[in-house]
Amino acid sequence: MLDRLRALEVLTRPEHPDLTAALARRWEELPAHVRTRNQMLGKRTAGCEGTHGVFPRCNLACTPCYHAKEAQRVRTDGQHTLREVDAQMAFLRQARGPGQNAQLIGGEVSLLEPDDLAAALLAMQAHGRKPMSLSHGDFTYEYLERVALDPRTGRPRFEHLSFAGHFDSTMLGRTGIRKVEREAQLNPFRKAFCDMFRRLEEEHGVTSYLAHNMTITPRNIDQIPEVLQEIRDYGFRMFSHQPAAFVGNQARWKERYRSFSTDAVWARIQEGAGGRLHDDALHIGDKRCNRTAYGFYVGDRYVPLLDEDSEADRRWLDSFVAAFGGMDFAAPPAVTAARTVRALAREPRALPRLAGYAARLLARAGGPVALVRTPPRAITYVMHAFMDAKAVRPAWAAMDRGETTHADPDVRATMERLQACSYAMAHPEDGRTVPACAQHSVLDPLENLELMALLPA
Ligand code: SF4
């Protein structure tokens, strides 16, 4: 009886105690420059996670490709994938607590047999992760259906699936299109990807969250607005942009990737969004790495979830974080209700601030009539700027030696970003997580050589 009461007490806490401890550790580790009022790392999230070395091969060719050239010579092997995913996710659960977003990534996920992909996603869920599969999207509805449905019963084995589809003109080899001259040529493929998930929901009730990933190079930067305007209503909920970096397979470095700034990319994203993006309302790690803008459309108007210029919105964010911390809202309604009551009880200013915030948000959205007339569609805009391998190598070497700063300002800046990293990969064999930049720039080549010997293509 006492055990059940204790379990209930933990279940209805806003945060699982393991997450509370993990967030506190992450906050302590963060460098001073990102410990700001609007910083969500270490307060709301421990950061994003990704797998590595689980299925390195891909059957499309990207320029650039962040994976080492050896990755193409590693066989995709379901048993290896499951073993590695299980070990990496178990480590992340122990190090970072439950409820964190984790990407099943590291090659092309749809080269896995459908049952192996489903098993990997279930293993991630079992370790308290919220998995998202990263794919070029060049697979069929039949494949997706076989992932989603249990072959023994024909019934869904998932209520919900998250996929990120990578679509851009830097990719070669997509079925049905030999050469992509302009981004617009890919729009039918982007739409077909969303339509597959819409059909999955209609036929089997499996809901989805879809992100659109796009690598940005000098060739396609000016096409961002056109792409975003055209595909806004296809069904993607997040538009994520990665300015190309000199990392991974050198044979695939084709352009002068540093000929534009990340500000220039963000300006094009904002133009495509059709409204101001409030990326300073909250930060996730270092702004040189990440920019995120949350909001929703009412008709064609983009409404920010938080106004970065509003002190009242900032106070609401303070109270939201103080009350809810890393609370997972995707829980059964009764659990969420109990957690919410406890969250509000620990921050009494949250309720009045929530009321004020709701009134401001409603006014920004155009009032209740506008919302009834055009139901809001939530869309998040993201930019994630990976670093060049030649910048990461010396910084990671210094950090490996236990150094926390550096005399060279460029190396120091890179170290600061790595220390504030919001995208980690697990190394259970070393008992640590590493930033994805360090994984791709430093660790991938050796790891793929080992995998080539273990799983020759
Ligand atoms: S250090 Fe690299 S992987 Fe980490 S958040 Fe910055 S760009 Fe992303």
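1. The shell around the ligand in this predicted model is made up, when its residues are sorted by class, of 10 nonpolar, 4 polar and 1 charged residues. There are 15 residues around the ligand, and those that come nearest are Cys289, Cys421, Pro435, Ala436 and Cys437. As for the helices that take part, helix H14, which covers residues 409-419, and helix H15, which covers residues 436-454, each provide at least two residues of this shell.

2. Turning to the overall layout, the protein chain is divided into two parts, of which domain 1 is written as 47-275 + 387-454, while domain 2 covers 311-373. When the centres of domain 1 and domain 2 are taken over C-alpha atoms, 31 Å separate them.

3. A helix pair to look at in the model is formed by helix H9 (residues 311-324) and helix H11 (residues 350-364), whose axes come within 9 Å and cross at roughly 135°. Because of that angle, H9 is described as oblique to H11, and the crossing in which H9 passes H11 is left-handed. On the side of H9, the contact is made by Ala312, Asp313, Arg315, Trp316, Ser319, Phe320 and Ala323, and on the side of H11 by Ala350, Arg353, Leu354, Gly356, Tyr357 and Arg360. Sorted by class, the residues of the contact of H9 with H11 comprise 7 nonpolar, 2 polar and 4 charged.

4. A second pair is helix H3 (78-96) with helix H4 (residues 114-126), and here the axes come within 9 Å and cross at roughly 10°. Since an angle under 35 degrees counts as roughly parallel, H3 is therefore roughly parallel to H4. The residues of H3 that take part are Gly78, Thr81, Leu82, Val85, Asp86 and Met89, which meet Asp116, Ala119, Ala120, Ala123 and Met124 in H4. The contact of H3 with H4 has, by class, 7 nonpolar, 2 polar and 2 charged residues.

5. From H7 the contact draws on Ile224, Pro225, Val227, Leu228 and Gln229, whereas H8 contributes Arg268, Ile269, Glu271, Gly272 and Ala273. By class, the contact of H7 with H8 consists of 6 nonpolar, 2 polar and 2 charged residues.

6. Finally, a point about the backbone deserves a check by the reader. Most peptide bonds are trans, but the peptide bond from Thr63 to Pro64 is cis in this model, with omega near 10°. Where in the chain is Pro64 placed? Pro64 is in the loop between strand E2, which covers 61-62, and helix H3, which covers 78-96.

Key:
Residues are numbered from 1 along each chain as its sequence is written. This is a predicted model: local features need pLDDT of at least 70, side-chain atom pairs count only at pLDDT 80 or more; totals for chains, interfaces and linings use all residues. Domain bounds come from an automatic or database domain assignment. A residue is near a molecule or strand if its C-beta atom, placed from the backbone, lies within 6 Å of it. Helices (H or I, at least four residues) and strands (E, at least two) are DSSP runs, numbered from the N terminus. Ala, Val, Leu, Ile, Met, Phe, Trp, Tyr, Cys and Pro count as nonpolar, Asp, Glu, Lys and Arg as charged, and the others, Gly among them, as polar. Axes are lines fitted to C-alpha atoms, for helices over the stretch in contact, and angles run from 0 to 180 degrees between N-to-C directions. Angles under 35 degrees count as roughly parallel, over 145 as roughly antiparallel, 65 to 115 as roughly perpendicular and the rest as oblique. A crossing is left-handed if the near helix is turned anticlockwise from the far one by less than a right angle, and right-handed if clockwise. Two residues are in contact if their C-beta atoms, placed from the backbone, lie within 7 Å.
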